[in-house]
Each structure stands twice: as C-alpha cells, then as structure tokens.
Amino acid sequence: MARNTGKEWWRSAVIYQIYPRSFQDTNGDGIGDLKGIIDRLDYLNDGSHRSLGIDAVWLSPTFPSPMKDFGYDVSDYEGVHPDFGDLATMDRLIAECHRRGIKLLLDYVPNHSSDQHPWFIESRSSKTNPKRDWYVWRDPLPGGGPPNNWRAVFGGSAWQFDETTGQYYLHSFLVEQPDLNWRNAEVVAAMYAVLRFWFDRGIDGFRIDVIGMIVKHPELADNPLNSEWTPGDHGRQKYLRTHTRNYPDVFPAVRGIRAVFDEYPDVMAVGEVFGTAAEISQFYGEGGLNGLHLAFNFQFIHENGDAVNTPWEAETLARIVRNAEAAIPPGGQPCYALANHDQSRFISRNNADGRGRERAAAATLMLLGLRCTPFVYYGEEIGMVDVDIADGQLRDPARIKTIGRDPERTPMQWDASLGRGFSTAEPWLPYGPRDISVAAEEIDGDSLLWLHRRAIWARKGEPALLYGTYREFTGMPAGVFAFERRTDGARPVTVLINTSTEACAVELPDSSGTVVVATARATEGSAVNGTFVLAPLGAAMIAGT
Ligand code: GLC
Ligand code: CA
C-alpha cells in the first residue's frame, strides 16, 4: 500500500466536527440524529461555493451508550444508539457522504467502555471470570483504601471499590467509565476488531479519544506531586499525570493501532492528545511514519493544558506554531482546532471587550492559512456562543468546569424560528440567542459563514495553502502575526493577522500581490503594492506572483 505520498486526502482536508445530539433532529424527540445529518449534508458540501466545502466529517460518539458521558461511555462498539438511528441509517450516511466526496470519521473510545458494556458486566461478576483482566482490578491497600493516588480527570479518586469481589477498578474518567486493560492481548484483539468492523462498512477513519492514556505505568506507581500546585488551586492538578498520560508504553500500543489502519487504503487516525509540542509530536511515530496520521494540537485553546485560555495575541499564536513546526517529524503535518465539544466556544473565550466575533473572523483565516489539517467545530462557522444554561437544565455530569460542557454543545441554529430549524420539540439543551443562525448569516455577505466558505474554497485552489511550507515573518508591527506558505510551481500565499485593536500598516515582504480572502471583503481581489493596511483585528490572505 502506498504510504506517505505527501498527497493523502487528509493532508488537504478541512474537517468538520459534528456533535450528533445537536445538529438536526428529524423525529421530534429534541435530539439530533443521523437522518438529520444526512438531510444537512448539502450545507456542508454540495460541490458549489455556496456550501461550506468541507472535505470530511467527524461524528462524536454515535454508539449504544447509557449516555453518562454522552456517548463517551460505550456499551457496544459495533452499533448505533437508538437516539441517533440504526446501522442501516449509518450505512446510508456513509453512502450519502461518499456520494458528495465527503469522508466520514467516527469516534473511537479505546481507553474505557461503559460499565454497562457486556465485557465489564462479565469482568466485575467474579475474580475468576475470563474477562476479569480485561479491566484494571486491584486489591485495596493493606490498610484499606484505593491502590494508588491516581485521580480521575473528572475529579476524585480514579478507583472505585466494587462490593461483589472486594476489589477496586480503575476509571480515569467517570465511575461509569471503567478503563480497559490494553496490556491484555484479548482486549487489544477485540478493540482492533472494532476498527475493522467499521472500516469494512466504509468508515474513512477515526478520531481517537484520549489515546495518550490507554497504557499506564505497569506497576501503577503513584503520580508525583505537582510542585506548582497549592491547596485550593483549581486551575492545576495536585498530581502530575506522569504515570497515566503519555507514558512511554503507550507508543507501542499506538503503533499497533496504526498497523490496523494500514490494512485499509486511505483511512486516517487523528488522536486527541495533550501536552507540549514535543509530546504531541511523539504520537506521529518514528519519522512520522508509524504512529497516528494526525495528533491534535489544542494550544490555540489552552497552551499549557491548564485551564487558562490562550489569549488572541500575535506573539502567543506565533510561538504556538513555531513550537509545533519545530517539534513535528518530517512527514508529519500539524492539526489544529479552535474549539470542540469540551471547550468554551471561540467567541466566548475571546469576548472580554465584546469583539469576539471579529477575532473569530481573523482566526478563521489563520486556521485555514496554516500548514495543518484544520478542524471546525459545528456552529463556529456561524459564530455560536456558549449558552447560559439554568442549573436545572445542565446535563453534563462531568463537571471539569463547574458548569460542565453543556454551554458549547447546544443545538445548531439553522434559523431564527422558535425551534431554530433544529427540532419541533423541546431540545435536549436550550437554544442560544435567536439572532445567531445560518439563515441570518446566509443573507449577509460579510458574515462569518460566508467568510468560512470563501476561505475554505480559496484554500482548495491554492496549492501553497494545501501543501506548502510554513515560514514565519519576523519584524512585523506589534500585534501582527504573519507567515508565508510556499510550494514549487504555485503562487505563494502570505497570511496576515492583526490581533491588535489598532489598524496596522504592513510592508509586504514580497512587495506585490492580490488579496484572495480578507475579513474586509471589499478588499478581496484588489492588487496590493508594497504596503497593506490591516483593519483593527483584521486578517487577509494575499497571493504573490
Ligand atoms: C475526551 C472527550 C470527552 C470525554 C472524555 C472521556 O476528552 O473529548 O468529551 O468526556 O474523553 O471519554
Ligand atoms: Ca431525533
């Protein structure tokens, strides 16, 4: 099989993340479903420049699940949750995507299953059950209490005592999400079979949930204390995750997963990983060849893994990209997201002065201009914001943030009607402000939606943006992040981003060119000679000759 041609589909793809519960309800139960996604595919890409033009869709989990963590607690890896439809509808979705040239990615959750998965029900039934070792069971410490100091990501001890057998089981997330034991060969085989099951149905790849956690310290050694932590500090973890995350033994497991992908042509794995640029890069494998095809870099959201939002500030953005580019192995390509189902929406994170929407426009051109596979979270393209949800209506039990992750998971706003074009019933989460919708964006040529469409389609037409090298321009005025993309045989493209609230005159290093896409739409198509003036918080892509 041809590997690493440099032109694999995912290198030039823009990928759109759908949170299936919140995209489109078609049967009036207030919950989005697969049929709804099929109905909206033309919005995503119907081949015309009036559609978004995305190349692939990633669906957050659609499998049978008790929905304790809204699908990240899987009770059957080879089915479809009845809320979303059935296998026949999934097959139809695959076919409808492919008919439009859209690739379809599902969400692979290897670190843990639901406690209602038949594997775990068996495993917990007795110490001698053949599936006992499929999960991580340990005796209490001699004096009583959990086996070690590991903490669950969602708070509290990562160990749950189980009366039936008098042992603890490991759960890195909710109590209802017991960790699978990837040191057990039968687990590995069963989880490989899951990948093959979906590849055989035509799925084009997977986003892989917390892949950096699937293999931990073999002796379950305590995690070291975080020297930067002080009592009452909620931004930091008390213990470092040295023995539970990005532990060296995880990389052989990643290589094994990659080998299953290599059994199929044109499939792709993108991992949810956390850490420094160097840690992220390790997931690409040796020489970028035998690990994941892509590993997320979330540093535009949080730079250091702590709960501090990355500021929209040129030097910070430039540093993030510089670090990523320096660390990534030769064949590897960065992968950035500005938002997802676990994080506040971009505008809400960058709106202290009420100008978050302008920053979102500039960020769109940055993301689509960078050397990367860009991921766009549903609703970001119309400027959806975190929705204020009353206490009684909050649904996410995993309160990483005190309010959980519901605010960024509210239904897609298709129009300004009562049901937002999403549902005829009470939606599972409340709607956001009525004035934010696809319909409103559609009739405004200067809207964020139209900017996304122009930038995504422009990208497809510029080989430099798809495959070109990245070079940062230094010596720019304060507040301006500027870089060039260049490839042989095509015109270079310069991307200019003004993160300051002052207008900025930028001397173009290449001196002349044409504006391809800009936050100031009126400038598009115009010739640039020498100097280009960026509006406050504005951005532009300029093609050279
Ligand atoms: C990942 C998912 C998150 C989920 C967690 C546990 O971080 O993105 O939504 O709660 O893993 O599966
Ligand atoms: Ca529904």
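This talk goes through the ligand site, the cysteines and the aromatic rings of one structure.

What you have above is a predicted model, in which local features need pLDDT of at least 70, side-chain atom pairs count only at pLDDT 80 or more, and totals for chains, interfaces and linings use all residues. Residues are numbered from 1 along each chain as its sequence is written, chains are lettered from A and ligands numbered from 1 in the order in which they are written, and side-chain values use heavy atoms, with hydrogens and water left out.

I will start with the ligand. There are 14 residues around ligand 1, and D69, D209, E272, H341 and D342 come nearest; a residue is near if one of its heavy atoms lies within 4 Å of the molecule. By class, this shell has 7 charged, 4 nonpolar and 3 polar residues. Charged here is Asp, Glu, Lys and Arg; nonpolar is Ala, Val, Leu, Ile, Met, Phe, Trp, Tyr, Cys and Pro; the others, Gly among them, are polar.

Ligand 1 exposes 310 Å² when taken alone, and the protein buries 96% of that; the areas come from the Shrake-Rupley method with a 1.4 Å probe.

Next, the cysteines. How many disulfides are there? The count is 0, where a disulfide is a pair of cysteine sulfur atoms within 2.5 Å. Take C97: its sulfur is 19 Å from the closest cysteine sulfur, in C335, so that is too far for a bond. C97 has 1% relative accessibility and counts as buried, meaning under 20% relative accessible area with a 1.4 Å probe, protein chains only. C504, at 9%, is also buried.

Last, the rings. The whole structure holds 34 aromatic pairs, a pair being rings of Phe, Tyr or Trp (its six-membered ring) with centres within 6.5 Å. In one of them, F481 and F483 have centres 5.2 Å apart and planes at 45°, so the pair is tilted; under 30 degrees would be stacked, over 60 edge-to-face. Both F481 and F483 are buried.

Ring pairs also link Y16, F23, Y43, Y377, Y378 and W414 into a cluster. The charged end of R40 sits over the ring of W414, 3.8 Å from its centre. Likewise, K7 has its charged end over the ring of Y467, at 4.6 Å from the centre. The rule for that is NZ of Lys or CZ of Arg within 6 Å of the ring centre and within 35 degrees of the ring normal.

Notes. Buried < 20%, exposed > 50% of the residue type's maximum accessible area, 1.4 Å probe, protein only.
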